[in-house]
Amino acid sequence: MVSRSSLRIAFCAANDIGSRVIERVVKDQFPIAFIATCADDSARYEEVIAKAADAHNIPLLRHANPNSPEFIEFIKEQEIDIMILAWWPGIIKAAAIAAARIGWLNMHPSLLPLGRGKHPYYWSMVEGVPHGVSLHFIDAGIDTGPILFQREVPIEMTDTGEDVYRRSNEALFELFLQHYADVATGQFTPQPQ
């Protein structure tokens, strides 16, 4: 278990879940070193993230590329312990992963190790395997890093893909909020997949 009173946390946030996460965590007691937005995100969500950062005097890096040498250097200069990917659409490469002291936490809508990659809710339905949501550290693989927290999301016989997608997103948001204090204070024990 990693344990400190408070870790240096920063976020890469995008889309609906990322904007909702940022709107919520900026109000918590844990300082946020900076927030980065994605060039590929909708202007609507990016504006929500920007307003939340501005309202709480948190530095904002708009349209960031986490794999760029400048961003990697910035993580090191800021002495970031954990980078949190709040629904970030891109792959983070090895050099960027290594820049954070402890690692990069990802929010993934599956019950890892099941459902790695894109559209895991669909594959859970097709393959008839358990479904859920996970908070895990990233590594060089696709959704193969150590798991911190998980929650099962049952699939009902009458569910459509859209039903499972919506329920998964809400469960992922709730799981993150439930364990954000644990992450921010290092109260977790990563479990290998």
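Strands here are DSSP runs of E with at least two residues, helices are runs of H or I with at least four, and both are numbered from the N terminus.

This is a predicted model, where local features need pLDDT of at least 70, side-chain atom pairs count only at pLDDT 80 or more, and totals for chains, interfaces and linings use all residues. Residues are numbered from 1 along each chain as its sequence is written, and side-chain values use heavy atoms, without hydrogens and water.

Back to E6, residues 132–137. Six of its six residues are buried, so the strand is largely enclosed by the rest of the structure. In a regular strand, side chains alternate between the two faces of the sheet.

Which strands pair with E6? Strand E5, residues 103–108, pairs with E6 in the antiparallel sense over four bridges (two strands pair if DSSP finds at least two bridges between them). Here Met107 stands opposite Leu135. Strand E7, residues 147–152, also pairs with E6 in the antiparallel sense, over five bridges. There, His136 stands opposite Ile147.

Next, the cysteines. The whole structure has zero disulfides (a disulfide is a pair of cysteine sulfur atoms within 2.5 Å). Cys12 is buried at 0% relative accessible area, and Cys38 is buried at 6%.

Technical notes:
Buried means under 20% relative accessible area, exposed over 50%, partly exposed in between (1.4 Å probe, protein chains only).
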